Amino acid sequence: MKTKITIPDTDLTFHPLGLGTVNAGLAWDGADADRIFDTFLDMGGSLIDTAHVYSDWVKPERARSERAIGDWLQRSGKRNHIVLVTKGGHPDMTSEHPDTHISRMKKEDMGSDLESSLRQLRTDHIDIYFYHRDDVNQPVEELVEVMEEFRRQGKIRYYGCSNWTTSRMKAADRYCREKGYRGFIANQALLNLGYKYMNPLDDDTLVYADSQMQQYHRENKGNLLMPYMGVCSGFFHKYAAGGADAVKGSPYYTEGNLKTAERVKELCEKYNATVTQAVLGFFGQQDFDCAPLYGPKNAEQVREAMKTFEIPFCRDDYEI
């Protein structure tokens, strides 16, 4: 398994496991956050992913994940040791009944989110800035030009997209080639060990890295896939601990994933691995580079996840 990924035509090289921080400032903060971030760096990690919307659905604080990261960066002075990722333009999650179908991707929305992100993170630039959702009613040309303006201003170094379809990414790629722009360097979509057999999630604005998107990434090495929900919301962990009864009601509860769960148990025995390691090992067996995002609860889980890349999983292990 690779332990370093370089995105072509950029100066970005990093460990292929990204630190997801949706729980930063909520489940862990202060000294606990310091331990998690410092352990991640000590283990060779540098890609830290957040979003301006994390976790606005828990009142009263807004953008608390960015604030928690900014606190650590201010205390530690390690801004130049990380590849900092954040996302803007997500629908408002602070209302009584949030609706992810109400877009917030106009230039003024993105500009407001970016300025706030820079303040929260206590930095003068973002390494990779993402559109967190897509609005197909907005031309890709217009959306690309907004990111290019941010880049020219020095507020972001590179940009990417999250929850965009393959066809929309291709349209953006065509426009960037015409204009001579570098374009999207990364794409965040749902991909994990259980996605092939899972039932649809409630949020239909989430985009899956289906076979078409995977082929896109095989052909477009300059756009790195950063999969989210990498450990399948704990489905395989719960199955290992409590069997099928423990996972009923999960969108992953299907015949195919029950078979996959048994394979996970076999891999744990074969490699003396944990469930987390067996599930994350899936990403290292793809025929395109990807950098999955993993959200830990504590520093020990960071160590466990990072050790995945020391285990000699092979592609046949995941043929189910």
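**Exercise 1. The whole chain**

What percentage of the 320 residues of the chain count as buried?

*Solution.* Start with the source. This is a predicted model, where local features need pLDDT of at least 70, side-chain atom pairs count only at pLDDT 80 or more, and totals for chains, interfaces and linings use all residues. Residues are numbered from 1 along each chain as its sequence is written, and side-chain values use heavy atoms, with hydrogens and water left out.

Next, the cut-offs. Buried means under 20% relative accessible area, exposed over 50%, and partly exposed in between (1.4 Å probe, protein chains only). By that rule, 57% of the 320 residues are buried.

Now check the overall size. The C-alpha trace spans about 50 × 45 × 40 Å along its principal axes. A compact globule of 320 residues would have a radius of gyration near 20 Å, and the 19 Å of the chain agrees. That radius is taken over C-alpha atoms, and the globule rule is 2.2 Å times the number of residues to the power 0.38.

**Exercise 2. Helix α4**

Find the buried residues of α4 and say what they pack against.

*Solution.* First, place the helix. The chain has 10 helices and 10 strands. These are DSSP runs (helices H or I, at least four residues; strands E, at least two), numbered from the N terminus. Helix α4 covers residues 140-152, 13 residues in total.

Second, check its length. From first C-alpha to last, α4 reaches 18 Å, close to the 18 Å expected at 1.5 Å a residue. The expected span is 1.5 Å times one less than the number of residues.

Third, list the buried residues: V140, L143, V144, V146, M147, E148 and F150. An α-helix has 3.6 residues a turn, so residues three or four places apart point the same way.

Fourth, name the partners. The buried residues of α4 pack against α3 (107-121), β6 (126-131), β7 (156-162) and α5 (166-179). Contact means heavy atoms within 4.5 Å.

Last, look past the end. G154 follows α4 and has a positive phi, near 80°.

**Exercise 3. Residue D56**

Is D56 buried or exposed?

*Solution.* Locate D56 in the loop between β4 (47-49) and α2 (64-76). Its relative accessible area is 6%, so D56 is buried. Then list the contacts: E61, R62, A63, M93 and T94, leaving aside neighbours within four places in sequence. Finally, take T94. D56 and T94 are 38 residues apart in sequence, and their C-alpha atoms are 5.8 Å apart in space.
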